[in-house]
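Dear colleague,

Please find the structure below, together with its sequence. A summary of the findings follows it.

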Amino acid sequence: MIRIYNTMTRTKEEFVPLAAPHVGMYVCGVTVYDQSHVGHARSAMVFDVIRRYLTFKGYQVTFVKNYTDVDDRIIKRASQEGVTAREFAERFIAAERADMASLGVLAPDVDPKATEHVPQMIELISRLVASGHAYPIDGDVYFEIRRFPSYGRLSGKNLDELLAGARVEVDERKRDPRDFALWKGAKPGEPAWDSPWGSGRPGWHIECSAMAMQYLGESFDLHGGGEDLIFPHHECEIAQAEACTGRPFARYWAHNGMVNMGKDKMSKSLGNTLNIREVVKRHDPDALRLWVLGTHYRNMIEWSEERVEESARALDRFARLRRDATAVRGGAAAASLPPAFAEFRPRFARAMDDDFNTPQALAALFDFVRALAEARDRGPAVIAPGGGFVAGVDELVQLARVLGLFGRDAAAEGPPAEVERLVVARGEARARRDFKRSDELRDEIARLGWLVEDTSAGPRLTPKGS
RNA sequence: GGCGGCGUAGCCAAGUGGCUAAGGCGGAGGUCUGCAAAACCUCUACUCCGCGGUUCGAAUCCGCGCGCCGCCUCCA
């Protein structure tokens, strides 16, 4: 049984899908007007892991993550560059896809764009106007929050306090300052679509209600996003959708914590972002992922180059095991998992079942690593092809993959012939105890990117940086 | 001002009423090695921001205080 912390109720609840084994999952993607940063990376990895774990548990997950590709900033920046909003947005959609792939984040089943769902949004808005939840003024359409009594429930806000929030510019035409735009009348030169209220474009929140319902139905299981989206974005999504259908929208709401730069949240508006593209140049994506998963997804995490490097070191212990397993794998039929290694899968699952407690799941994996290394050092019987060691490593890797680790196949390609030649030469030097020559050769091999280590079974070659 | 969250070893971070307070990184010692590297073994919080309280029993619940963060505006 999986328990998920539901932002709506502020408690951990048993996860019961509407129509098991199917699970409909929607996560708010990015507004594509800039490069994706580490904060986006965290959110993406967190929900990637949730999706993978649900799949691991046997659910058939339909995972939808949108692109919001029409928005004030997109329009503004596109016009500054003299390109169309569409061209501008497409560029960053492509960049985002590349970033996600580089992080080992699985592609969504559907990744709809707002601009391709305007008719659905217009349909929604029309129904809201018809039912009296929304009202048009001068080509704009606003949602009237007083007509939706539970507005504020998700974010725990009460409407009176919201009114005091004078940081919002008051638009005199609105019936209530807290009402939000569903549709914005077109200004000259802006992308626009025809609608019953004249030419215009959708407001910020409506696209997610429309696309979620389009692909997952009026009610679906899990809705995710960064905790900074709880208000107003998700609050508004709920209002629009539920006012329209009269049915509950998402059943569970999951929100990831922010990434901070020093004490401040990393955000585009503060200008303290670190782009994924930059980070991936310096760090192994798996190290980044291990760093992210080392903290529970709902807690804040502070960016730290050093901590990512630490994660990379921890990863070496997995990598060594995998290479050792590859080395002894042989053609023998895989042995079944020895009882000594059987405890880790249940431990892993127990941790993940409890609101996706990845730090605890990782602790189980590291204990597994220790148990495997110990067995390996204990002797040939375990390591022999068909012995339990290989089966254990396979099990470990399987579990790690549920966290999205080791997605790339690291079945190391052999070293180049030149390196092989040097290793042989070094072995000869060592045999005649010419250690000076031997060390020179090791340095030479290192310059070619390989690490030689002497073991009882002979020299072991490892590509550097893997 | 309102709402929400956090404060656990040198650093990071689980645990949220009761066996010896996970795990990672770092550090110390040991085994192995020509030297290394890697790996393995042992050790590294009598204590969980402070002060009160509830309880047979609290890091875990309650109150107050201190420090920090997020949301209330675009934001993952």
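Predicted model: local features only at pLDDT ≥ 70, side-chain atom pairs only at ≥ 80, totals over all residues.

How many salt bridges does a search of the whole structure find? The search finds 38, a salt bridge being a side-chain nitrogen of Lys or Arg within 4 Å of a carboxyl oxygen of Asp or Glu.

Residues are numbered from 1 along each chain as its sequence is written, chains are lettered from A and ligands numbered from 1 in the order in which they are written, and side-chain values use heavy atoms, with hydrogens and water left out.

Salt bridges

Asp-354 and Lys-12 form one of the salt bridges, with 2.9 Å between the closest N and O atoms. This pair links distant parts of the chain, 342 residues apart: Asp-354 is in the loop between helix H11 (344-353) and helix H12 (358-378), and Lys-12 is in strand S2 (residues 11-14). Helices (H or I, at least four residues) and strands (E, at least two) are DSSP runs, numbered from the N terminus. Asp-354 is partly exposed at 26% relative accessibility, and Lys-12 is partly exposed at 34%; here buried means under 20% relative accessible area, exposed over 50%, and partly exposed in between (1.4 Å probe, protein chains only).

A salt bridge also joins Glu-395 to Arg-345, the closest N and O atoms again lying 2.9 Å apart. Because Glu-395 belongs to helix H14 (residues 388-402) and Arg-345 to helix H11, the pair ties together parts that are 50 residues apart in sequence. Glu-395 is buried, at 10% relative accessibility, whereas Arg-345 is partly exposed at 27%.

Within helix H16 (residues 435-447), Lys-436 and Glu-440 are 4 residues apart, which means that about one helical turn separates them. Their side chains meet in a salt bridge of 3.4 Å, N to O. Lys-436 is exposed, with a relative accessible area of 62%, and Glu-440 is partly exposed at 33%.

Strand S7 and its partners

A network of salt bridges links Asp-72, Lys-184, Glu-190 and Arg-201. Lys-184 also stands opposite Arg-201 in S8. Strand S7 (residues 180-185) and strand S8 (residues 200-202) run antiparallel and are joined by 3 bridges; two strands pair if DSSP finds at least two bridges between them. S7 pairs with strand S6 (residues 140-143) as well, in the antiparallel sense over 3 bridges, and Val-141 stands opposite Trp-183 in S7. Of the 6 residues of S7, 5 are buried, so the strand is largely enclosed by the rest of the structure.
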